[in-house]
Amino acid sequence: MNSRRAAWCFAGPALLVIGVFFFLPVLAALVMSLTDFDIYALANLDNLRFVGLRNYAELLQTPLFWQALGNTLYFVVVGVPLSIAASLGAALLLNSRLTWFKGLFRTAFFAPVVTSLVAVAVIWRYLLHTRYGMINHGLDQLGISPVDWLNDPDWAMPAIILFAVWKNFGYNMIIFLAGLQSIPDDLYEAAGLDGAGVWGQFRFITWPMLGPTMLMVSILSMSGYFQLFAEPYVMTQGGPVQSTVSVLYFMYEQGFKWWNLGAASAVAFVLFAIMFCVTLLQLRFAKGAEA
Amino acid sequence: MRDGVSRLRRFTRTMLLLVACGVLASCAPRKEPGVVLKFWAMGREGEVVTALMPEFERTHPGVRVEVQQLPWTAAHEKLLTAFAGDVMPDIFQLGNTWVPEFAALGALLPLDAQVAASKLVTPSDYFPGIWDTNIVDGKLWGAPWYVDTRVLFYRRDMLARAGYAKPPQTWAEWMKAMNAIKRRVGPDNYAILLPSDEFEPLMALGLQNDEPLLRDGGRYGNFRSAGFRRSLQLYADMFAQKLAPMNRITNVYHEFGMGYVSFYISGPWNLGEFKRRLPADQQQNWMTAILPGPSGPAASIAGGSSLVLSASSKHPREAWQLIEYLSRTDTAARFHELTGDLPPRRSNWNVPALANDMYAQAFRQQFERVKPAPKVPEWERIATEMRLVAERVTHGELTVDEAVVQLDAKADHILEKRRWMLARKEAR
């Protein structure tokens, strides 16, 4: 009994902080998502109407929300595998015994992660410039006609994906590198003796041994990529023709630009529900793969 | 471990020191004599206005002004948060399109009585359209501080080469002139720049019609009116006839200097930028003109910033004196020198600095004709929808007829709460 009380004493402060700064605001947001809280309500609470699930119903009827969801899914479905592949590839190269200047490359690949997004976005806007950009200049050398990256509705999202993958792959690369270094060398030696080639070693040793790392990286990347916001905010402001509006960008505009806090809270809960389901699926999938 | 202990000790010592400092400071005599006015201003104006304060403090003994500068990008959010947290300043700068919103919030003090009694603030000296932006529901909520509108920046030499000695005055002439330029500059260059991330050019064209953009006291959208249809058609034609480029421009000054575009609808901040950024041999080649209208000179946007008093201010008398001081012609002239912002009073436009500036003359003519945006808090949101729908029209995804129907539906939806509130007010 005594030890139980002691346990509560230790956990109490943390629980209190979590309760006040996490659960209470989440609860308040949930209540708010059932009202039409806006600037009129800010002026006078008499102007607040309880609207039940209307925010949710209207949200599901808003074409821009569906477009934002589609854009976000596009970003996640293309961006996450691309980012993981880039991270894994870079980690494998850096882990190879044949690579020189490992420290230099590790730093160089990790540098984009720690640089300010706004600063690199400005540089990428120059790289992606239609007429003076380096990327189009390179394509021109290959005989490919210039692409209007950030102003063509079909190309804006691929440009954002390219930028996001470049910006973020270094982080997962470090995690993969740690995972690779924890694989004992004798496994590779044994496989080598059994006649396994490079591909065989990757397929039957590296890949399964990286399983838990892979699961973690995919969950982290997925939840990170679902929260796409800063890239379009800085590079395209959601344009052209709203082809880079993400769910979070949509929520930001509803909440902090138009002060429709009720509707914005509803967006937050819908996004939460989607991400929760996808994470559950990932865990289920990982368990299935283990069994 | 040892290291951890010594670090903890050092931390404790620092904290003790900090606490001691705090106690000492609060004990020290800190009596503020007289009144402290909190004044929030945005961007460049916030930086510069501090230079005008010593003179005010000298002529108003016992009053001290604390200026806080807000970045424009965070200003709206910060003001709303300050209102929600009841920590509003006494006096602040407010973009005049935000006046209806803050008036609806009840954050502002009406100024009708002060102005009626004032010898310094004389409404008849102000550009009427600008003054009007501060009147919401029949009450005056702010005094114009500096003004802003949209006019036509154009390349004089390009227009001359296309056979035009004077800038176009009507929409028809304008289209003709742009087509003539386009024929000369070829398929890789254009006649006019209409940035897709700005709603102001289309809004200015929309304001040129007699029909208002919203109808029934701001209860419903009025985009299906014949007037707005004409404006949107003109805007769409500029893209359809390849007179305006679709792609985004990184450096307007460079493109304008290169002749990539010959017309550009923009505001007063570009007066200084064009003078600074275009090379000396091109300074004779650009000029400003008032916006062409459906059939001759017409309206443009009444923009700019006003000075307003907070409803919660404890020193409204002193704060109003600060507004009066900043509205005086001589202070305004000084302010124009410091910022390049254009003054809202006609008498200021007669001082040599402005009267002799040939590039600024179009602005003066335009200010006499400006019209305020619809005075509802939801306007900026509706204008953003207008920009997005117009962008879809220029990409060929919507026709003008479909667009105006869609716009009205969106505006009506956004205005639903306003209609409910107005109906409730009438029922009482």
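Okay, let's start. Keep in mind that this is a predicted model. Chain B is split into two domains. Domain 1 covers 35-147 plus 302-356. Domain 2 covers 151-301 plus 374-427. So much for the bounds.

Now, how far apart are the C-alpha centres of the two domains of chain B? They lie 29 Å apart.

Next, the contact itself. Twelve residues of domain 1 of chain B touch eight residues of domain 2 of chain B. About 750 Å² is buried between the two domains. Carbon and sulfur atoms give 60% of that area. Which residues of domain 1 lose the most area to domain 2? They are B:Pro100, B:Ala302 and B:Leu342. Together these three make up 44% of what the domain 1 side buries.

Look for B:Lys375 and B:Asp132 on your screen. Their side chains meet in a salt bridge, at 2.9 Å from N to O.

Which elements supply the domain 1 side? In chain B, α5 (99-105) and β4 (135-136) each supply at least two of its residues. The most come from α5(B), with three residues.

Last, the classes. The side of domain 1 of chain B that touches domain 2 has eight nonpolar residues.

Conventions. Residues numbered from 1 in each chain as written. Chains lettered and ligands numbered in written order. Predicted model: local features only at pLDDT ≥ 70, side-chain atom pairs only at ≥ 80, totals over all residues. Heavy atoms only, no water. Domains from an automatic or database assignment. Contact = heavy atoms within 4.5 Å. Buried area = accessible area lost by both parts, 1.4 Å probe. Salt bridge = Lys/Arg side-chain N within 4 Å of Asp/Glu carboxyl O. Helix = DSSP H or I, 4+ residues; strand = E, 2+ residues; numbered from the N terminus. Nonpolar A, V, L, I, M, F, W, Y, C, P; charged D, E, K, R; others polar.
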